Structure formats: C-alpha cells, structure tokens
Amino acid sequence: MASFDIAAGALGTSRDVLDEAKAEALAAELRSAQEAGCTEIRLTGKSFTREAAAIVAPVLSAMSGLVKVDMSDVIASRPEDEGLDVLRTLSGALVGSKDTLVELNLSDNALGEKGIRACAALLEEFEALRRLYLENNGLSAEACALIAEVLMFRGEEEELPLTLFHFHDNMCGDLGGVNLSKLVAKLTQVTSLRFSKTRCGREGCAAIAAAVASCEALEVANFEDVTFGGDGAAVLARSLEKCPSLRHLNVRDSMLEEEGAEELLEMLSTNAEGLEFLDLSGNDLMADSVEKVVACLKEKPALKYLALDDNEIGNKGVFLLGQAITTPGQ
C-alpha cells in the first residue's frame, strides 16, 4: 500500500506549528500522495492551526479509500477552542473513508470528553474500523462512557469487531473502567487489548477483568499499572482461562496481591499453551509464589520473557527460580 508520512516530506521531523504557508506545502504533498494511490497517512508531530486544518481538509476529503490514519499529536500547544476546531475539521474531512478505514490513532492529543465529541465523525458508523489507539488523551470517566456509546453504534447487544483496542495513560479512574467494560465485553474478536496506567482501582478493574471473558480471541493483554487486588486478579484469571491463544500478558505493577497472583499462575499452568511473554513485576510476590511460577514454567516451552523484578521473593525465591531455569528438562 502507498503511504504518506508528514515527517518524511519537506516539513521534516521538527515539531512545527503549521502556519498557512506550511499547510499549503503539506496539501501539495498530499495531492501527490493521492495521485500515487496513497491509502495510509501519518500526520503526527505537527501542530495544526485552525487555518492549516482548513487548507488540508479538502485534500483529505478527496483521499477517499484511506485504510490507515495516524492523527496522533496534532494539536500540541493549541488553545482548547482551536484544538477542538482542528479535530472537527480533520475528522470531518476523513468521513469519505468511512467504508475503508481499518486503523486509527488519536493518541497524544488532549482530547477529554470534548475532544471525543469533536472526533465523533471519525468513530461513528465506521464499519471497517478494526484497530483503535487512544493513548495519553486525558480521558475521564465521562469520556469513557462517550467512547463506549459512540463505538457501540450498532447497538448495545451487538459485537464490536475491533481486533486492537489500546487505552493507555488516561486517568479515567474506577468509573472509567466500569464504563469501558461495557465496550470490552463486546470485543469478541480483539487480539490485542491494552488497559494500562489509568488510575483504575479495584471496582473498575474487576469490571474490566470480568468483561475480558468475552475476548476469547485475545493474544496480547496489557494491564500494567492498575489496581486489581486479589479478588480482581482472580476474576481476571477466570476470564483469561477462556483465551486459549494468549501469548503475551503484562500485569506489571497491578497490585495482584499474592493470592491473586497465585490464582493467575495456576490458571496459566494449565492454559495458554503458547505463552511467550509474562511480566509479574511489582506485585509484592513472596518466595512461596515462586513455586507457582516454577510450575507454570514447566508447562510453557514457548516462554521467552519472564519478569519478576520489584517483588519480595528473597533468596529462597531466587534459588527456586534459578533451579527451575537451569535444570535439564524443566
């Protein structure tokens, strides 16, 4: 597929504010890309003014049939009103790709609930959308409710065909987790799910963990730096038991607590045969938990990466782990 990257063009990699002159140059490059049959565009790293967005929008409208759009970090330093106008203008210009757009990255824009509303034209009724990145967007619990509402345009009872949903570094809290769990429960085809660094506590994480039971195609799961607690970790273990293709699990700094971590390890010992990556760091695991780790290792010949740093396994835990790693046949 032909692609266009703003950083590879005449504007270069510097984090410029796009004035009208630079926007005209960008529009010319986009027209050339359109003529070359471009289906992927990356606009990240440039700060669009209201005027710049208005200049570029007609060209984007003409590029119907886009498959992949990276609109991350396009309103840096813009006043809120202007930033929202830019998002509305660029989003509206891409509606012509409603039937073809597969991947959308809106990360690193200070969206909040208002920003999600400004981008609604990009999310509503985009039937082909399969991969969505919402990382570092300042999304609140209210914004999470709106995201679920907009994306579930097919109806609350209908499945959502996303194969990748990354929600990272948004301080949505417990209520945000509860609100997003309604969406996660409909991600029956998702293979890569990220819900990390959200300041989500036990209630919200338990809701997300329960919703994961619907994600039976899941291969990559990242739940770093949230708060499951022992009970939430047990719910997560029961849900992941229904995900036989799981090969990557990151629960670093997720407050699993020893009992929850052991339930998760017991589940992994008899499930997820192709597991390649496991990060249990920063969960206050003790030496006794290492016995569960060792039992899991024996059943995971494909495992390539194991992280246990920032735990309390002590000398006994290190010995047990070292013995398991170095013993032939283990």
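Predicted model: local features only at pLDDT ≥ 70, side-chain atom pairs only at ≥ 80, totals over all residues.
Arg-78 itself is partly exposed, at a relative accessible area of 22%.

The structure holds 20 salt bridges, and I'd like to walk you through a few.

Please find helix H4, which covers residues 112–118. Here the side chains of Arg-117 and Glu-113 meet in a salt bridge, at 3.2 Å from N to O. Why are these two residues about one helical turn apart? Because they sit four residues apart in H4. On the accessibility side, Arg-117 is exposed, with a relative accessible area of 51%. Glu-113, at 29%, counts as partly exposed.

Arg-202 forms a salt bridge with Glu-257, with the closest N and O atoms 2.8 Å apart. Arg-202 lies in helix H8, residues 202–211, and Glu-257 lies in helix H10, residues 257–270, so this pair ties together parts that are 55 residues apart in sequence. How accessible is Arg-202? It is partly exposed, with a relative accessible area of 43%. Glu-257 is partly exposed too, and its value is 33%.

Salt bridges can also link up beyond a pair in this model: Asp-5, Arg-42 and Asp-70 are linked in a network of them. If you have the structure open, do take a moment to pick out those three residues.

Let me finish with charge on the surface. Which residues gather in the patch of negative charge? They are Asp-108, Asp-169, Asp-225, Asp-253, Asp-284, Asp-310 and Glu-312. Let's take Asp-253 from that patch as our example. Where is Asp-253 placed? You'll find Asp-253 in the loop between strand S11, residues 248–250, and helix H10. Asp-253 is partly exposed, with a relative accessible area of 31%. A patch residue needs over 30% relative accessible area and no salt bridge, so Asp-253, at 31%, passes the accessibility part.

Note on methods:
Residues numbered from 1 in each chain as written. Heavy atoms only, no water. Salt bridge = Lys/Arg side-chain N within 4 Å of Asp/Glu carboxyl O. Buried < 20%, exposed > 50% of the residue type's maximum accessible area, 1.4 Å probe, protein only. Patch = residues over 30% accessible without salt bridge, like charges linked within 9 Å, V, L, I, M, F, W, Y side chains within 5 Å. Areas by Shrake-Rupley, 256 points an atom, 1.4 Å probe, with all protein chains shown as cover. Lys, Arg positive; Asp, Glu negative; His and termini not counted. Charge placed at Lys NZ, Arg CZ, Asp CG, Glu CD.
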